[in-house]
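Let's take a walk through this model, helix by helix. Have the sequence and the 3D view open as you read.

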Amino acid sequence: MFNFNTLRQLSIFTVLSLTLVGCTTSPEDEVERVSDNSPKARYVEAKKSLNDGMYNRAITILSDLESRYPFGPLSRQVQLDLIFAYYKSGKFAEALPSIDRFINLNPNHPQLDYVIYMKGLVNMETGINGFQDFFGIENADKDMVTSREAFNDFNRLVDNYPESKYIPDAKKRMMILLDKLAHHEIVIAEYYMRRSAYVAALNRCKYVLEYYQQSTSVKDALTIMISAYDSLGLPEMKADAELALQNNQ
């Protein structure tokens, strides 16, 4: 005769066995689970997000890694990637402090030329007003501080790292910035001319001739100077400006 208690004991044993089997993992499974949460795995995830253009997600991961493992083996690369992610996502206010902190803490880092180049890019983008530039709207009061800083950043790169692979692009951007800064002075000089502030207009034009000789605004500066000298009744200075303009044709 079959014993009901025996059946009940077998059932309990079977359930316990299955439960234990379900809770047991192989060494490979355990390694994989830990790897998914490791700094290296998280960094790989961040790099994939960068490559996929998911910059905000990359920033979240990289920021977490930087705060959790500030002195880990990947810390410097995490900081470099975070700077890039900030730049690509347009978060320039966050990028600049990260760049300055990296430069101050790593003055001899082999990729310091890249960091200085990135600082130039960030400052250059910060000084751009896309709406005004696109529609050609001039603004005599437009703040050019970050454009000057960008020029200085690229100039620092050229002076200190002449063999850097970023030099060609930096030089092109320096010329763009030079023209932008010089044109800004011309806009202000024209503003002064419309208000008959001829001496102030002359000072702006002289500044262009002294500091932005390689810009495309030199002819405009000389043209304004001719008009200003004429209005001031200074024929000799007007003649000098006319001669300079002829030599720059």
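This is a predicted model: local features need pLDDT of at least 70, side-chain atom pairs count only at pLDDT 80 or more; totals for chains, interfaces and linings use all residues.

Residues are numbered from 1 along each chain as its sequence is written, and side-chain values use heavy atoms, with hydrogens and water left out.

Start with helix α3 (residues 39-51) and helix α5 (residues 75-88), whose axes come within 11 Å and cross at roughly 25 degrees. Helices here are DSSP runs of H or I, at least four residues, numbered from the N terminus; axes are lines fitted to C-alpha atoms over the stretch in contact, with angles from 0 to 180 degrees between N-to-C directions. That crossing makes α3 roughly parallel to α5, a label for angles under 35 degrees. On the α3 side, Tyr43, Lys47 and Leu50 make the contact, meeting Gln77, Val78, Asp81, Phe84 and Ala85 of α5; contact means heavy atoms within 4.5 Å.

Next, find α12 (residues 218-232), a helix of 15 residues. Its buried residues (under 20% relative accessible area, 1.4 Å probe, protein chains only) include Val218, Leu222, Ile226 and Tyr229. The buried residues of α12 pack against α10 (167-194), α11 (198-211) and α13 (235-247). Just after α12, glycine 233 has a positive phi of about 70 degrees.

Serine 196 isn't a glycine, yet its phi is positive, near 60 degrees. At 46% relative accessibility, serine 196 counts as partly exposed, the class between 20% and 50%.

Methods:
Helices (H or I, at least four residues) and strands (E, at least two) are DSSP runs, numbered from the N terminus. Angles under 35 degrees count as roughly parallel, over 145 as roughly antiparallel, 65 to 115 as roughly perpendicular and the rest as oblique. The expected span of a helix is 1.5 Å times one less than its number of residues.
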